[in-house]
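Hello,

Here is the structure we talked about.

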Amino acid sequence: MRMAERRVIVTGGASGIGEATVRDLVIQGARVIIADLDDERGPGLAEELGEQVTYQRTDVADEDSVTALFDAAEATLGGVDGLFNNAGIGHIGPSAQHPLTDWQRVIDINLTGAFLVAKHAIARMEAAEGGAIVNCASILGNFGQSQTAAYSAAKGGVVNLTRTLALEYARKGIRVNTVSPGYIITPLLDALDQETKDYLAGLHAMGRMGQPEEVARAVTFLLSDEASFITGSQLLVDGGFTAGKS
Ligand SMILES: NC(=O)c1ccc[n+]([C@@H]2O[C@H](COP(=O)([O-])OP(=O)(O)OC[C@H]3O[C@@H](n4cnc5c(N)ncnc54)[C@H](O)[C@@H]3O)[C@@H](O)[C@H]2O)c1
């Protein structure tokens, strides 16, 4: 088991890519805290998976809530070795009509939230002299796509935040990497109609969208010691989307 006895926080762990990663980490022996706002799916998943998993209601955009998360991790797990910084929301619409409140919420959760959780994780990992963080960006952190101004700006920020944190803490034994999924079949895509989904699926070289489990396995790898010389990198899990046009 690649993650035996590791203590891992998964933000946004109640659904989609986060849920699949929680399940994969548990199979690999980790103890996991689901940090999410979903008070139905989060506790339900923790109960289903048994004593290796607990749920802590967390808003990643609220520093008091993030502090409480790490206090809970200390109390229930005795510390944190790994973090999957995955919580995120989407927003689609023309930039000129983008309400500031919507822009702010996307930035608060997808970028500032990632920073806040990483900040508190690193403080604990520094004291423990090691750890691993995986930040969830997106293919949209690497190129633009119309109608996704806040989301793409936030995800581009996550890619470069990762590099900066990796440089800052590499010599303290803390690895920081990005996983950037292509389009993955999760509730995040519920806002899209079938025609748009079919179009987007066809943009992947493999001609399909990904499954959350296909991202989860990459995250577990990056969190594990198998990735011991990997930091500051971005692993694209995108079915060839960003490889180019064929
Ligand atoms: N699905 C895709 O196509 C895709 C592609 C690239 C990147 N991503 C990224 O993957 C991550 C997971 O997305 P998903 O597709 O699994 O979506 P999802 O909607 O299935 O899951 C997101 C989870 O985040 C939680 N969450 C939202 N706001 C939160 C907050 N403030 N604090 C804590 N938890 C919060 C939600 O409750 C939910 O459980 C996101 O960062 C998303 O941007 C998704």
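**Ligand contacts and pockets**

A polar backbone atom of Thr58 lies 3.3 Å from a nitrogen atom of the ligand. Two side chains also make polar contacts (pairs of N or O atoms within 3.5 Å). A polar side-chain atom of Tyr151 is 2.6 Å from a ligand oxygen. For Lys155, a polar side-chain atom is 2.9 Å from an oxygen atom of the ligand. The ligand alone exposes 830 Å², and the protein buries 93% of that (Shrake-Rupley areas, 1.4 Å probe).

This is a predicted model: local features need pLDDT of at least 70, side-chain atom pairs need 80 or more, and totals for chains, interfaces and linings use all residues. Numbering starts from 1 along each chain as its sequence is written, and side-chain values use heavy atoms, without hydrogens or water.

The shell around the ligand holds 28 residues, with Ser15, Asp36, Tyr151, Ile184 and Thr186 the closest (a heavy atom within 4 Å). By class, 16 are nonpolar, nine polar and three charged (Gly counts as polar, Tyr as nonpolar; Asp, Glu, Lys and Arg are charged).

Which residues line the second largest pocket? They are Gly202, Leu203, His204, Ala205, Phe241, Gly244, Lys245 and Ser246. A pocket here is an open set of points on a 1 Å grid over the protein atoms alone, where a 1.4 Å probe fits, with protein on both sides within 12 Å along at least five of seven lines; lining residues have an atom within 4 Å of a point.

Best wishes

Methods. Polar contact = N/O pair within 3.5 Å; in protein donor to acceptor, adjacent residues only side chain to side chain.
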